[in-house]
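Try each task before reading its solution.

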Amino acid sequence: MVTVPARRTSVAVSLAGVAALVMGAAMVLLLQVIPPTDQISATRRTISEYGLSDHKWVFDIAVVLVASGSAAGLAVLAGQRRLPVAAAILGALWTIGLLVIVAFPKPDWATVSRSDFGGTLHRVASVVAFVALPLAVLIASRTAFPASSGRRWVARVLAIASLGWFAVILGAVVVAAAEGGRWWTLIPLGLVERGMAVTELIALGVLLAPAGERSRE
């Protein structure tokens, strides 16, 4: 039985986590409309491109906000025993991946080697984070909302949609490997990555938003 003060605290932390996700996402969207980052193509350039601009600090704060909000919300679910171990591990990989992205910014590939350590770590962290989160949501949805089929369904659909965005990238990689060429030119990579990011954040928000007492029974 959860006491009223404990319940209020968990709700407050969950709401703060969701608010951090929204603020982080809003800051990234802001970068697309203010100069000089408004010149970065949202269709072709990845989100990490903002980290190469004069507004790098805005991008870094945005990503840290998303990581912090994710950690806070997932911690509440874990404390309420609504987060399976596998989902907790995947959620941790998502959060750590975001922090690695900040610690090791995307390099300018035109001036560095493709084997650059920091750049390689950035790419690996990006892939791990973007794959780990929807898997975490899929695994956690049943335990998080055992009596709320609606929220469970929404969370699962969004998680699957997120993986669908990633499948588009994998498809481009496979085609490029078979036919030669650069895989990132085969698709509107910036648009695909942004679609994936938005879908994943909404899925995470659905998972982290406080559930009513009936949904937690």
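Predicted model: local features only at pLDDT ≥ 70, side-chain atom pairs only at ≥ 80, totals over all residues.

Residues are numbered from 1 along each chain as its sequence is written, and side-chain values use heavy atoms, leaving out hydrogens and water.

**Exercise 1. Check the span of helix α2 (residues 56-79).**

Helices are DSSP runs of H or I with at least four residues, numbered from the N terminus. The expected span is 1.5 Å times one less than the number of residues. Helix α2 has 24 residues, so it should span 34 Å. Its end C-alpha atoms are 34 Å apart, which agrees. Now look just after α2: Arg81 takes a positive phi of about 60 degrees there.

**Exercise 2. Do the same for α3, then find what its buried residues pack against.**

The 19 residues of α3 should span 27 Å, and its end C-alpha atoms are 27 Å apart, in agreement. Next, list the buried residues (under 20% relative accessible area, 1.4 Å probe, protein chains only; exposed is over 50%, partly exposed in between). Among those of α3 are Leu90, Trp94, Leu98 and Ile101. The buried residues of α3 pack against α2, α4 and α6 (189-208). Contact here means heavy atoms within 4.5 Å.

**Exercise 3. Which helix gives the most to the nonpolar patch?**

Start with the members: Val85, Ile89, Leu93, Val124 and Val128. Patch residues have over 30% relative accessible area and no salt bridge, with nonpolar side chains joined within 5 Å. A salt bridge puts a side-chain nitrogen of Lys or Arg within 4 Å of a carboxyl oxygen of Asp or Glu. Both α3 and α4 supply at least two residues each. The most come from α3, with three. Val128 is in helix α4 and is partly exposed at 33%.

**Exercise 4. Classify the two aromatic pairs.**

Rings of Phe, Tyr and Trp (its six-membered ring) pair if their centres lie within 6.5 Å; planes under 30 degrees apart are stacked, over 60 edge-to-face, the rest tilted. Phe104 and Phe117 lie 6.2 Å centre to centre, with 85 degrees between the planes: edge-to-face. Phe104 is in the loop between α3 (85-103) and α4 (117-144) and Phe117 in helix α4, so the pair ties together parts 13 residues apart in sequence. Phe117 is exposed at 62%. Trp183 and Trp184 have ring centres 5.9 Å apart and planes at 85 degrees, so this pair is edge-to-face.

How values were computed:
Patch = residues over 30% accessible without salt bridge, like charges linked within 9 Å, V, L, I, M, F, W, Y side chains within 5 Å. Areas by Shrake-Rupley, 256 points an atom, 1.4 Å probe, with all protein chains shown as cover.
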